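Biologist: I would like to learn how to read strand pairing and helix packing from a model, taking one feature at a time. Could you begin with the strands and then move on to the helices?

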Amino acid sequence: CAIMWSVMRELGMEFEANNEDDQIIATAMVVGVRTDTEEMSVDDTSEIDLMAVAELHPFVTQKILRQIIRYPVPKLWYELRRKAEEEAASEGSALVTGLGFLTQESRDALAWVADDLERRDGVDTCVAFGIIEDRIVGVVRCSNPTLELNDFVRRVFGEDSVGGGKRGKAAATAPLGQFFSSYTESSKVKVW
């Protein structure tokens, strides 16, 4: 979003204070910069990021910004967070937890749980995983600068599994096989 702001600025595009569309776009761009820079806390936060937020801020609709930042968290996520605690296994500064069978709609809970558990005192790497349809889906959070996250994810989930990521964040999926969807429920539980 900071790059888009920079391009818009170079093209002479400006926001208007009383234009609702401009306010919505400016608000979304500020959220984008804040998200990309983890609230301006990552090492590669740039001057462009800071300038973008400063110049966009007067056009931000605070009510919308608060709604985005303080989005309602589904009750299920808290139940999954509790399950993550119960299932967590740790060794050294690494923590791994399984959340069981998830729906596609609850997939984001993996990231939410991993973000939260990686912040625990003494933990610098967290893997949260679950089964969604016919795949194991994992989310990794890591503050250990010596761990090459993409290599780690490829070793754990397979060479073609990496789903992208940012510094300290990665996700991956690995297929359970073409016949997994036709397994009985008890067979699926055994696979888990």
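Predicted model: local features only at pLDDT ≥ 70, side-chain atom pairs only at ≥ 80, totals over all residues.

Biologist: In which sense do β2 and strand β3 (residues 125–132) pair, and over how many bridges?

Modeller: The pairing of β2 with β3 is parallel and extends over seven bridges, and within it V96 stands opposite V127 of β3.

Biologist: Now the helices, please: how should I read a packed pair?

Modeller: Two packed helices are described by the angle between their axes and the distance between the axes. Take helix α1 (residues 2–10) and helix α3 (residues 47–56), whose axes come within 9 Å and cross at roughly 70°. Angles of 65 to 115 degrees count as roughly perpendicular, and α1 and α3 are therefore roughly perpendicular to each other. The crossing in which α1 passes α3 is left-handed.

Biologist: Which residues of α1 and α3 make the contact?

Modeller: On the α1 side the contact is made by A2, W5, S6 and R9, and on the α3 side by I48, D49, M51, A52, E55 and L56. Sorted by class, the contact of α1 with α3 contains six nonpolar, one polar and three charged residues.

Biologist: At roughly what angle do the axes of α2 and α3 cross?

Modeller: The axes of helix α2 (residues 20–36) and α3 cross at roughly 150° and come within 10 Å. Since angles over 145 degrees count as roughly antiparallel, that makes α2 roughly antiparallel to α3. The crossing of α2 and α3 is left-handed, and the contact brings A26, M29, V30 and V33 of α2 together with D49, A52, V53 and L56 of α3. By class, the contact of α2 with α3 divides into seven nonpolar residues, no polar residue and one charged residue.

Biologist: How does α2 pack with helix α4 (residues 62–69), in angle and in the distance between their axes?

Modeller: For α2 and α4 the angle is about 40°, with the axes 10 Å apart, and α2 passes α4 in a right-handed crossing. Here I24, T27, V31 and R34 of α2 meet I64, L65, I68 and I69 of α4, and the residues of this contact comprise six nonpolar, one polar and one charged.

Biologist: Finally, how many helices and strands does the protein chain have?

Modeller: The protein chain has eight helices and six strands, and from the N terminus on its elements follow the order α-α-α-α-α-β-β-α-β-β-α-β-β-α. Taken along the principal axes, the C-alpha atoms of the protein chain fill a box of roughly 60 × 35 × 30 Å.

Conventions. Residues numbered from 1 in each chain as written. Heavy atoms only, no water. Pairing = 2+ DSSP bridges. Helix = DSSP H or I, 4+ residues; strand = E, 2+ residues; numbered from the N terminus. Axes fitted to C-alpha atoms, helices over the stretch in contact; angles between N-to-C directions. Parallel < 35°, antiparallel > 145°, perpendicular 65-115°, else oblique. Left-handed = near helix turned anticlockwise from the far one by under 90°. Contact = heavy atoms within 4.5 Å. Nonpolar A, V, L, I, M, F, W, Y, C, P; charged D, E, K, R; others polar.
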